[in-house]
Amino acid sequence: MAYEQKFMELAEKEAQSNVGTQIGGPFGTVIVKDGKVVASGHNRVLENHDPSAHGEITTIREAYQKLGTHDLTGCVLYTNAYPCPMCLGAIIWSNISTCYYGNSAKDAADIGFRDDFIYDFISGGLADKSVLNLEQHDRDLTIKSFDNFKRDSGRTLY
Ligand SMILES: [Zn+2]
């Protein structure tokens, strides 16, 4: 679906609604399907005491509830800032194939929200162990649930 400014205006309005509150950062999101708004929301990290309550996540969760599915194929996501790695993952896991953003990751870093260190873990390269000690252990033990899942003829892949 082609970009429409009116939906970015709505995402920006959601972001603006957080300014001067203790709800969360200035981040807003709108999810659109067939030209209509399915869900809109904003960051609620402080309000919910939940570091995963980014605008994209809260809005994706609302869309899941409204549409009654974990599959948002055909939806387009508008967000006022480049999604962080967590949100990029959630957007892709949701089967949303188009995401329009306004502010860049650098714009977010300029107001104190930076996420570049997370990409070090994703690339598997120079990850900072003082941020997260991420180690693999006991694969022989944990592979059992995967093997059982593989043998389950009723399994659901998503
Ligand atoms: Zn995020």
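What follows is a set of questions and answers that set values against definitions.

Q: What kind of model is this, and how are its residues numbered?
A: This is a predicted model, in which local features need pLDDT of at least 70 and side-chain atom pairs count only at pLDDT 80 or more, while totals for chains, interfaces and linings use all residues. Residues are numbered from 1 along each chain as its sequence is written, and side-chain values use heavy atoms, with hydrogens and water left out.

Q: What makes His54, Cys84 and Cys87 donors of the zinc ion?
A: Donors are N, O and S atoms within 2.8 Å of the metal (3.2 Å for Na, K and Ca), and water is not among the atoms, so sites may look incomplete. The zinc ion is coordinated by ND1 of His54 and by SG of Cys84 and of Cys87 at 2.0 to 2.3 Å, and these atoms therefore meet the limit of 2.8 Å. Along the sequence the donor residues follow the spacing H-x29-C-x2-C.

Q: Why is Cys87 called buried?
A: Buried means under 20% relative accessible area, exposed over 50%, and partly exposed in between (1.4 Å probe, protein chains only). Cys87 has 0% relative accessibility, so the word buried applies. Cys84, with a relative accessible area of 11%, is buried because this value is under 20%.

Q: How do you know that Lys66 forms a salt bridge with Glu62?
A: A salt bridge is a side-chain nitrogen of Lys or Arg within 4 Å of a carboxyl oxygen of Asp or Glu. The closest N and O atoms of Lys66 and Glu62 are 2.9 Å apart, so the pair qualifies. Both residues belong to helix α3, where, being 4 residues apart, they are separated by about one helical turn; helices (H or I, at least four residues) and strands (E, at least two) are DSSP runs, numbered from the N terminus.

Q: Why is Lys66 called exposed, and why is Glu62 called partly exposed?
A: Lys66 has 56% relative accessibility, which is over 50%, and therefore counts as exposed. Glu62, at 28%, falls between 20% and 50%, so partly exposed is the term.

Q: What makes Glu47 and Arg44 a salt bridge?
A: Their closest N and O atoms are 2.5 Å apart, which is within 4 Å, so this pair also meets the rule. By this rule the count comes to 6 salt bridges.
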